[in-house]
Amino acid sequence: MTTSAGDRSRTVLVIGAAGGMCRGINARIAQAGHQVICVDFDAAGAERAAAEIKAGGGDAVDFACDVSSAESVRQLGDSIRDSGLLVDVIVNAAGILDRRYLADHDDDSFDRAVQINLVGPFRVIQEFGPAMAERGWGRIINISSIAGVRGYPYPSYAATKAGLSNLGRSLVKDFRRTGVTVNSICPGVVDTPMVIDEVRRQVAEKVPTGQIITPEEIGALATFLISDDARNINGADLVVDGGATAFYELFD
Ligand SMILES: NC(=O)c1ccc[n+]([C@@H]2O[C@H](COP(=O)([O-])OP(=O)(O)OC[C@H]3O[C@@H](n4cnc5c(N)ncnc54)[C@H](O)[C@@H]3O)[C@@H](O)[C@H]2O)c1
């Protein structure tokens, strides 16, 4: 099957598929003719995401997985392989935003963010990346954040997203000459339930475009990265923030 862009139809593993941003990512990827494997900690949410894609005429299946558990990610790999599916693309979008400052963190809270936002994507790439490399084509797309590009008030989020971006750059070496690329999309404020009202007001005031980003805009970029035209985009942090990080005045 070919997609609307003339590229081949791919099988795309979306981790965090039940989330707000993934509604747009799932929709755009499915509309381009790709099959979506919807995965989330929230099993009912993953099922809903797949049902939504199918209702729109797309092809989707769903699985539950907790990326903070190595065992759960291994089980996901086994279940997907047992279903006869070959993953061509990974979209690592599972993440938590812990709005705690330094003094408010307890013994485990920082590590929870590390496990979900950073170690989780690493595990997923370890589970599915080598087979993509063996088949000679693949895309790894990590959903990082502008909080990983500049300093940000919540340290566990900023540190794990910066780690995720640099993980992507670093894995370029592991996947060199395999046909697999690794990139990060670093969104600014995207219109999802994760965003609090105060931040919405700041977007209108301070972001050069004055606009909150839609999940579909992020989905459109992810879909482009899956296309053959994107084969030389590799190791990049693709910032989509309406110009928010271009000027330091925006962080006063
Ligand atoms: N919303 C924004 O403005 C924004 C901006 C920049 C980056 N991001 C990043 O984009 C991604 C999606 O964000 P969102 O706004 O859709 O958030 P969201 O909370 O709506 O979605 C996150 C999804 O991840 C899943 N998840 C959480 N822990 C998990 C685990 N251990 N295993 C598997 N799945 C798990 C949740 O169940 C949820 O469905 C996140 O990585 C987030 O950090 C969001």
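This is a predicted model: local features need pLDDT of at least 70, side-chain atom pairs count only at pLDDT 80 or more; totals for chains, interfaces and linings use all residues.
In one of them, a polar side-chain atom of Tyr157 lies 2.5 Å from a ligand oxygen. The backbone also contributes: a backbone N or O atom of Val190 is 2.9 Å from an oxygen atom of the ligand, and a polar backbone atom of Gly19 is 3.2 Å from a ligand oxygen.

The second largest pocket has a volume of about 360 Å³. Its lining consists of 22 residues, with Asn26, Ala27, Ala49, Glu52 and Ile53 lying nearest the centre of the pocket. Two or more lining residues come from each of helix 1 (20-31) and helix 2 (43-55). By residue type, the lining comprises 11 polar, 7 nonpolar and 4 charged residues.

The structure contains 0 disulfides. For Cys22, the closest cysteine sulfur is that of Cys38, at 8.4 Å, so the two sulfurs are too far apart for a bond. For Cys186, the closest cysteine sulfur belongs to Cys22 and is 15 Å away, which is likewise too far for a bond. A pair of cysteine sulfurs counts as a disulfide within 2.5 Å. Cys22 is buried, with a relative accessible area of 2%, and Cys186 is buried with a value of 0%.

Methods. Residues are numbered from 1 along each chain as its sequence is written. Side-chain values use heavy atoms; hydrogens and water are left out. On a 1 Å grid over the protein atoms alone, a cavity is a set of points where a 1.4 Å probe fits but cannot get out, and a pocket is an open set with protein on both sides within 12 Å along at least five of seven lines; lining residues have an atom within 4 Å of a point. Grid points are joined across faces, edges and corners, and a volume is the space filled by probe spheres set on the points. Helices (H or I, at least four residues) and strands (E, at least two) are DSSP runs, numbered from the N terminus. Ala, Val, Leu, Ile, Met, Phe, Trp, Tyr, Cys and Pro count as nonpolar, Asp, Glu, Lys and Arg as charged, and the others, Gly among them, as polar. Buried means under 20% relative accessible area, exposed over 50%, partly exposed in between (1.4 Å probe, protein chains only). A polar contact is a pair of N or O atoms within 3.5 Å; within protein, one must be able to donate a hydrogen and the other to accept it, and residues adjacent in sequence count only if both atoms are side-chain atoms.
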